[in-house]
Amino acid sequence: MHADLQLLRLLQLSSSSLPVGGYTYSQGLEWAVEAGWLRGAEGFAAWQRAQIEETLVHLDWPLLARLYRASEAGDAEAFRRWSRLLLASRETRELRLEERQRGQAFARLLGGWQLGQHPDWQDSIALTQLGGMAWLAVHWQIPLRSLALGYAWSWLEGAVMAGVKLVPFGQQAAQSLLAELSVELPAALERALAVEDDDIGAGLPLQAIASACHETQYSRLFRS
């Protein structure tokens, strides 16, 4: 695939509107703000740094890499195994539901394009968003590093836009946060790609508690 078209496909994969609008989820942030666990742009930045180190470096990126390599190798069994591990690693009902909703949306999208329809792959793709992204990136010949950084950018942008509404802070602060936090992503990706199979796993108790509480939060803006 031509490099220009690869870039356009990467931008499409990285869009926060693909496949179902990542900007509609707060991943526990809405409760954390209401509970006073974080305040202002500095508190938000600290919350996101913890997620970069724990969730991206030790869970999402290592599993994205394994899903990508399984897609490259045509190894449907490995793809299924890593997809199930990712879903099982989401610590609350809300986070698992979000992952499955995005995965199912990806499966419908690929179905509309008549891609990924073989039974060995179809059910696994529907389990997680990362599985669909990895499979489609291989199909579109998008390099793994580009895919991983694109995914992280989409996640970070969605979180910052949620912060604008919830913390709150203004658009100038939002752009400054995106610039500040994205600088840390390339080095974080290097650490993630070095994570061994037995070391995959994240632990963010406050985020898990916030997500669980958000499921029954009385008044909320974001999906559960």
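This is a predicted model: local features need pLDDT of at least 70, side-chain atom pairs count only at pLDDT 80 or more; totals for chains, interfaces and linings use all residues.

Biologist: Helix α7 then. How many of its residues are buried?

Modeller: Nine of the eleven, so α7 (residues 129-139) is mostly covered. Buried means under 20% relative accessible area, exposed means over 50%, and partly exposed is in between, with a 1.4 Å probe and protein chains only. Helices here are DSSP runs (H or I, at least four residues), and strands are too (E, at least two), numbered from the N terminus.

Biologist: Which ones are buried in α7?

Modeller: Gln 129, Leu 130, Gly 131, Gly 132, Met 133, Ala 134, Trp 135, Leu 136 and Ala 137.

Biologist: And what covers the buried residues of α7?

Modeller: The cover includes α1 (3-14), α3 (40-73), α4 (76-89), α5 (93-112), α6 (119-125) and α8 (144-166). Contact means heavy atoms within 4.5 Å.

Biologist: What caps the N-terminal end of α7?

Modeller: Thr 128 does. One of its side-chain oxygens lies 2.9 Å from the backbone nitrogen of Gly 131.

Biologist: What comes after α7?

Modeller: Gln 141 follows α7, with a positive phi near 60°. Gln 141 is in the loop between α7 and α8. At 45% relative accessibility, Gln 141 counts as partly exposed.

Biologist: Trp 140, buried or exposed?

Modeller: Buried, because its relative accessibility is 9%. Trp 140 is found in the loop between α7 and α8. Its C-alpha is separated by 19 Å from that of Ala 126, 14 residues apart along the chain.

Biologist: Back to Gln 129. Which side chain does Gln 129 meet in a polar contact?

Modeller: That of Arg 102, at 2.9 Å. A polar contact is a pair of N or O atoms within 3.5 Å; within protein, one must be able to donate a hydrogen and the other to accept it, and residues adjacent in sequence count only if both atoms are side-chain atoms. The Arg 102 side chain also makes a polar contact with the side chain of Glu 98, at 2.6 Å.

Biologist: Where is Arg 102?

Modeller: In helix α5. Arg 102 counts as buried, because its relative accessibility is 11%.

Biologist: New topic. How many cavities of 30 Å³ or more are there?

Modeller: One. Closest to its centre, of the 29 residues that line it, are Gln 27, Gln 51, Glu 98, Trp 155 and Gln 207. On a 1 Å grid over the protein atoms alone, a cavity is a set of points where a 1.4 Å probe fits but cannot get out, and lining residues have an atom within 4 Å of a point.

Biologist: Which helices each supply at least two residues of that lining?

Modeller: α3, α5 and α8. The lining divides into eleven nonpolar, twelve polar and six charged residues. Asp, Glu, Lys and Arg count as charged; Ala, Val, Leu, Ile, Met, Phe, Trp, Tyr, Cys and Pro as nonpolar; the others, Gly among them, as polar.

Biologist: How many aromatic pairs?

Modeller: Three. One of them is Phe 44 with Phe 169, edge-to-face, at 5.4 Å centre to centre and 65° between the planes. Rings of Phe, Tyr and Trp (its six-membered ring) pair if their centres lie within 6.5 Å; planes under 30 degrees apart count as stacked, over 60 as edge-to-face and the rest as tilted.

Biologist: What does the Phe 44 and Phe 169 pair tie together?

Modeller: Phe 44 lies in helix α3 and Phe 169 in the loop between α8 and α9 (171-182), so the pair ties together parts that are 125 residues apart in sequence. Phe 44 counts as buried at 0% relative accessibility, and Phe 169 counts as buried at 10%.

Biologist: Where is the cis peptide bond?

Modeller: Between Val 167 and Pro 168, with omega about -15°. Pro 168 is found in the loop between α8 and α9.

Conventions: Residues are numbered from 1 along each chain as its sequence is written. Side-chain values use heavy atoms; hydrogens and water are left out. On a 1 Å grid over the protein atoms alone, a cavity is a set of points where a 1.4 Å probe fits but cannot get out, and a pocket is an open set with protein on both sides within 12 Å along at least five of seven lines; lining residues have an atom within 4 Å of a point. Grid points are joined across faces, edges and corners, and a volume is the space filled by probe spheres set on the points.
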